[in-house]
Amino acid sequence: MFSRILIANRGEIALRIIRAAKELGIQTVCVYSTADREGPWLEHADETVCIGPGPARESYLRIDRIISAAELKNVDAIHPGYGFLAENAHFAEVCRDCQIEFIGPSPEAMALLGDKVSCKKMAKATRTPIFPGSDGAIEDDEEAVKIAKEIGYPVIVKASAGGGGRGMRVAHNEPALRAGLAAAKQEAQAAFGNGTVYIEKFLEAARHFEVQVIGDKHGNAVHLYERDCTSQRRHQKLIEEAPAAGVDPAKREAVLKSAVELIRAAKYSGVATVEFLMDRQQNFYMLEVNTRVQVEHPVTEMITGVDIVKEMIKVAAGEKLPFTQKDIKVQGHAIECRINAEDPDRNFMPQAGRIETFVAPGGPGVRLDSHARPGYRIPPDYDSMIGKLIVHAPTRAEAIARMRRALDEFRIGPMKTVIPLHRRLIDSREFVDADFDIHYVERMLKG
Ligand code: MV4
């Protein structure tokens, strides 16, 4: 096992990784920017290294500075958390060249699944359900027009190197498709240095269903069931839950199995999330694979009892998975609300500044993953998520009641947060009945 790891991240996930490392008897080195000098999580690290100024480009995204800190502090491995360098295959490769273990997949597996065209090809080969569309990159526009005629409009143009909604164009007819191809290619080239695009059938309303998978370096892979992340706004998830409500057991089993097959075929080690859209008839279509630990991993931890962050460290160190598929059972229902310091009445304007009041909820079945506390100054440099409130209960209805109670206990001030919005969302008929789609939050905010 590692004796010391470096955490190339900040905020609640840095704290989450410190907690896992401590329980494994591993020392932690945290890198931080000057904007995070007073970050409360740093108090829990064994050592800290300043790597630059506030802007992420000059600190949390600086591979050279992070590797220097790792060498200086003689660490065995680097945990990238989520965001920043977590899905950067070049960074994973630099770590390998420096003989520092990257706590995540190999650069090859990351590149294979991170590129949406190669990921979709692999999914097709392993019979993971995908949208009909171009079988690979669009070489010329006439080919795209021909495919669109076959599958029917609307279609969506996506960047192979994209993700999280960037570089996409929906087209309802041929002229729009031609324009969308040009725009998407240009945007993808500018944003990712890779202008490769593909097209697929566009699904208007759907639920977001994602499968948590974990693999070790000995060829073992299992799923940890699914999460429903349908509650989102502008590609920012707001509420996540596990398991997904009201899904046909046979269809669910098939999609869980197919996600494991995909990860196995990629010779993947570490944690991965296979994302799907689910239509009203409960047909599934793979969107992309995330090769990092996700923000919403706690809901899976609550229902399975697996400590995902500890397990990802252990598999990176070469350990075999300590369980097989039949050992993993679902226990109850978990819901997570992301607590963002944003003002929903002012177009979700981020709220920087000093937190005066911070009264955390507690009691049975309540978990708070947060680096915030009274006196903490939220820097304006990073995303506005200051914590995640997670509840666990025997049934979905009880989990909703527990979340309502926990949100009511939670007091943060003077800045605005999304807590009152969460209160409305979890009480909405759409959420309570799981009769929702990826656009329902935006509809509710308008209506
Ligand atoms: C789609 C889609 C409809 N049809 N693909 C958005 C982010 C990226 N992961 C893929 N996305 C979508 N792909 C087809 N063929 C609709 C979306 C989409 C979406 C997906 C998941 C969660 C929220 C979303 C919000 C808007 C659009």
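Let me start with the ligand: 18 residues surround it, and the closest are Lys158, Glu200, Lys201, Leu203 and Glu288. A residue counts as near a molecule or strand if one of its heavy atoms lies within 4 Å of it. This is a predicted model, so local features need pLDDT of at least 70, side-chain atom pairs count only at pLDDT 80 or more, and totals for chains, interfaces and linings use all residues. Residues are numbered from 1 along each chain as its sequence is written, and side-chain values use heavy atoms, with hydrogens and water left out.

Now the polar contacts, meaning pairs of N or O atoms within 3.5 Å; within protein, one must be able to donate a hydrogen and the other to accept it, and residues adjacent in sequence count only if both atoms are side-chain atoms. Lys158 places a polar side-chain atom 2.9 Å from a nitrogen atom of the ligand. Lys201 works through its backbone, with an N or O atom 2.7 Å from a ligand nitrogen. Leu203 also has a backbone N or O atom by a ligand nitrogen, at 3.0 Å. On its own the ligand has 520 Å² of accessible area, and the protein covers 91% of that. Those areas come from the Shrake-Rupley method with a 1.4 Å probe; for residues, only the protein chains shown count as cover.

Which classes make up the shell around the ligand? There are 8 nonpolar, 5 polar and 5 charged residues. Here Ala, Val, Leu, Ile, Met, Phe, Trp, Tyr, Cys and Pro are nonpolar, Asp, Glu, Lys and Arg are charged, and the others, Gly among them, are polar.

Four strands each supply at least two shell residues: S6 (155-159), S8 (197-201), S12 (270-278) and S13 (284-290). Strands (E, at least two residues) and helices (H or I, at least four) are DSSP runs, numbered from the N terminus.

S6 and S8 belong to an open antiparallel sheet of 3 strands, in the order S7-S6-S8. S7 (169-171) and S8 are at the edges with a single partner strand each, so one side of each has no neighbour in the sheet. Strands pair if DSSP finds at least two bridges between them. S6 and S7 run antiparallel and are joined by 3 bridges; Val155 has Ala171 in S7 as its bridge partner.

Two helices go with this sheet. H5 (residues 116-125) lies across S6 and S8, at about 50° to S8. H6 (residues 141-151) packs on the sheet, touching S6 and S8, and its direction makes about 15° with that of S8. Contact means heavy atoms within 4.5 Å. Axes are lines fitted to C-alpha atoms, for helices over the stretch in contact, and angles run from 0 to 180 degrees between N-to-C directions.

S12 and S13 sit in the other sheet. That one is open, has 8 strands with antiparallel pairing, and runs S13-S12-S9-S10-S11-S14-S21-S19. Its edge strands, S13 and S19 (366-369), each pair on one side only. From one strand to the next, the twist averages 25°. S9 (residues 207-215) pairs with S12 in the antiparallel sense over 9 bridges, and Glu210 stands opposite Glu275 in S12. Helix H11 (residues 396-409) lies across S11 (236-242), S14 (333-340), S19 and S21 (385-393), at about 140° to S21.

Last, some backbone geometry. Most residues other than glycine have a negative phi, and most peptide bonds are trans. Where are the exceptions? The bond from Tyr153 to Pro154 is cis, with omega near 0°, and Pro154 lies in the loop between H6 and S6. The bond from Ala242 to Pro243 is also cis, with omega near -5°; Pro243 is in the loop between S11 and helix H8 (249-265). Arg127 is not a glycine, yet has a positive phi of about 55°, and is found in the loop between H5 and H6.
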